[in-house]
Amino acid sequence: NTSQVTYSKDVWPVINAQCTSCHSGATPYGNISLENYNQVVAMAKNGKLLGSIRNDAGYSPMPLSGVKLSNCDISKIEKWVKDGMPNN
């Protein structure tokens, strides 16, 4: 259900579980940190977040484990981006 997607309920749990193990700390992978809302928004605004999680051509497919996020998780993140990336 993507009718009421929120950052705290839908987006952050996916990012935290699937991304922050590599994209956090003093030396984040690819020099891309996804530890907080502002960093996630920056990657969403430049298109890298969606391009990578959807495995779009021209983007590094993420996560590196090779296991693509579920279509449900991708749809929720797409909806959040489409809605202007509110911090709720």
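Predicted model: local features only at pLDDT ≥ 70, side-chain atom pairs only at ≥ 80, totals over all residues.
**View 1. Helix 1 crosses helix 4.** Here we look at the place where helix 1 (residues 7-18) meets helix 4 (residues 71-82). Their axes come within 10 Å and cross at roughly 125°. That angle makes helix 1 oblique to helix 4. The crossing of helix 1 past helix 4 is left-handed. On the helix 1 side, the contact is made by Y7, D10, V11 and V14; helix 4 answers with D73, K76, I77 and W80. Sorted by class, this contact of helix 1 with helix 4 has 5 nonpolar and 3 charged residues, and no polar ones.

**View 2. The largest nonpolar core and its residue W80.** This core has 21 residues. Within the core, L49, I77 and W80 are the residues with the most contacts. Four helices each supply at least two residues: helix 1, helix 2 (37-45), helix 3 (48-53) and helix 4. Which helix gives the most to this core? Helix 2 does, with 5 residues. As background, nonpolar side chains in soluble globular proteins tend to be buried together. Now for a closer look at W80. Leaving aside residues up to four places away in sequence, W80 touches V5, Y7, V11, Y37, V40, V41, A44, L49, M85 and P86. Two of these names come back elsewhere in this set: Y7 and V11 also take part in the contact of helix 1 with helix 4.

View 3. N55 has a phi near 60°, a positive value in a residue other than glycine. With a relative accessible area of 34%, N55 is partly exposed. P63 also has its place in the loop between helix 3 and helix 4. What is the peptide bond from M62 to P63, cis or trans? This bond is cis, with omega near -5°.

**View 4. M85 in the segment after helix 4.** Our last stop is M85, found in the segment after helix 4. Phi of M85 is near 55°, which is a positive value in a residue other than glycine. Is M85 buried or exposed? M85 counts as buried, at 10% relative accessibility. M85 is also one of the residues that W80 touches.

Technical notes. Residues numbered from 1 in each chain as written. Heavy atoms only, no water. Axes fitted to C-alpha atoms, helices over the stretch in contact; angles between N-to-C directions. Parallel < 35°, antiparallel > 145°, perpendicular 65-115°, else oblique. Left-handed = near helix turned anticlockwise from the far one by under 90°. Contact = heavy atoms within 4.5 Å. Nonpolar A, V, L, I, M, F, W, Y, C, P; charged D, E, K, R; others polar. Core = buried A, V, L, I, M, F, W, Y, C linked by side-chain atoms within 4.5 Å. Buried < 20%, exposed > 50% of the residue type's maximum accessible area, 1.4 Å probe, protein only.
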